[in-house]
Amino acid sequence: MPTDIVIGCSDPAALEHVLRTLNVDDHLRGIQPYDEDARLIALWAILVDAYVTDRQLVPALSDAFPGARAADQLDVDGVRAALTANGPLDPLAPLLPLEEVPAPAALRDIAIRSITALIFPALPEASATTGRRQVRDTGPYWPIVRGALQEPAWSQIRTKAAMARTRLWSAAVAQLFLQRGNILSATGLFGVSDVKEGARQDPRSVRTLILKAEAGDAAAWSALVDRIVPNLIHAPEPLITPGQGSEAGNLRKGCAAAHQAPSLR
C-alpha cells in the first residue's frame, strides 16, 4: 500500500484542509480516490470549516435555536468536532432548551437539527416587490454554503442542487449513527425551496412534539415525523432503497406480510 509521509508540518489543520480540498472534487482527485460517502463527508467538513473561518458557526446555530439555554457559551472547536463525528456530542448541550435533559438522544437530535440548519440556512424574509428588478438578500450564511459547495447563484438554483445538498445532508447525518443506512434513503426529503429559502424547523423538543401530537396538533405530528426520519433510515433493520432489490417483495421493511407469525402446520 503506497504511503505519503509529511515531515515538518507546522499547521496540521491547514494540511488537513488541503488534502480534503484536493480530494473532494471529481476533477481534482490527485491523492486518493474517494467513494461517494467519503467524498460527501469530506465536503461536509469543508463546509463546517468555512463557517468557522468566517466566524459564523456560533451565530448560525444561535439563530437556528432561539430557545437555546446558552448558545453564547458554545465551544467552537468542540462543536466542530461533534458535527463532523470527531468528538462527543456534549458541546452541543448549550443548544438544548432549559426544560430538556441533555440525554444522548436529545443531543443527537440537536446535532441533526444543526446539520440541517447549516446545510439549508434560512434566508431573511423577502421584501415587498416594487416592480423593479431586485437582488434577493441571501443573508450571511447562504453565501458560505454556496462558496463551499461551489454552487451557482441563488437565482439559478435548480433540482440538481437540491439533490446534491440532500445527499450531503444524508452523509453528514449518517455519521451520528452506529447502523448507517444508504444515503439514497434521504432522496426527496429536501427540495429546491429548502435550498433557496432554507429548511425552517420546528423549535420544539421531541418530547413536546409527542405531547402536542397526542393532543391532536397536526403541525406537531408533521414536525415529529420529520425529526424521526433519520432514526428510521439508520435503524438496525435496513430499509429497502432503490437499487437494493426486492422493492416489491413481501420481505421488505414495513410490509405487514413480512411480520406475520409463521404457520404452525
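User: Which residues make the nonpolar surface patch of about 360 Å²?

Analyst: This is a predicted model, where local features need pLDDT of at least 70, side-chain atom pairs count only at pLDDT 80 or more, and totals for chains, interfaces and linings use all residues. Residues are numbered from 1 along each chain as its sequence is written, and side-chain values use heavy atoms, with hydrogens and water left out. A nonpolar patch joins side chains of Val, Leu, Ile, Met, Phe, Trp or Tyr within 5 Å, taking residues with over 30% relative accessible area and no salt bridge. The patch here is made by W221, V225, I228 and L232.

User: Where does V225 lie, and is V225 buried, partly exposed or exposed?

Analyst: Helices are DSSP runs of H or I with at least four residues, numbered from the N terminus; V225 lies in helix 10, residues 218-233. Buried means under 20% relative accessible area, exposed means over 50%, and partly exposed is in between, with a 1.4 Å probe and protein chains only. V225 has 30% relative accessibility, so V225 counts as partly exposed.

User: How many aromatic pairs are there?

Analyst: Rings of Phe, Tyr and Trp (its six-membered ring) pair if their centres lie within 6.5 Å; planes under 30 degrees apart count as stacked, over 60 as edge-to-face and the rest as tilted. By this rule the count is two.

User: What kind of pair do F120 and F190 form?

Analyst: F120 is in the loop between helix 5 and helix 6, and F190 is in the loop between helix 7 and helix 8, 70 residues apart. The ring centres of F120 and F190 are 4.2 Å apart, and the planes are at 20°. The pair is stacked.

User: Why is the pair of W169 and F190 edge-to-face?

Analyst: W169 is in helix 7, and 21 residues separate W169 from F190. W169 counts as buried because its relative accessibility is 5%, and F190 is buried at 15%. The ring centres of W169 and F190 are 5.0 Å apart, and the pair is edge-to-face because the planes are at 65°.

User: Which residues do ring pairs link into a cluster?

Analyst: F190 pairs with F120, and F190 also pairs with W169. The cluster is F120, W169 and F190.

User: Is R39 buried or exposed?

Analyst: R39 is in helix 2, residues 36-53. The relative accessible area of R39 is 15%, so R39 is buried.

Terms used
Patch = residues over 30% accessible without salt bridge, like charges linked within 9 Å, V, L, I, M, F, W, Y side chains within 5 Å. Areas by Shrake-Rupley, 256 points an atom, 1.4 Å probe, with all protein chains shown as cover. Salt bridge = Lys/Arg side-chain N within 4 Å of Asp/Glu carboxyl O. Helix = DSSP H or I, 4+ residues; strand = E, 2+ residues; numbered from the N terminus.
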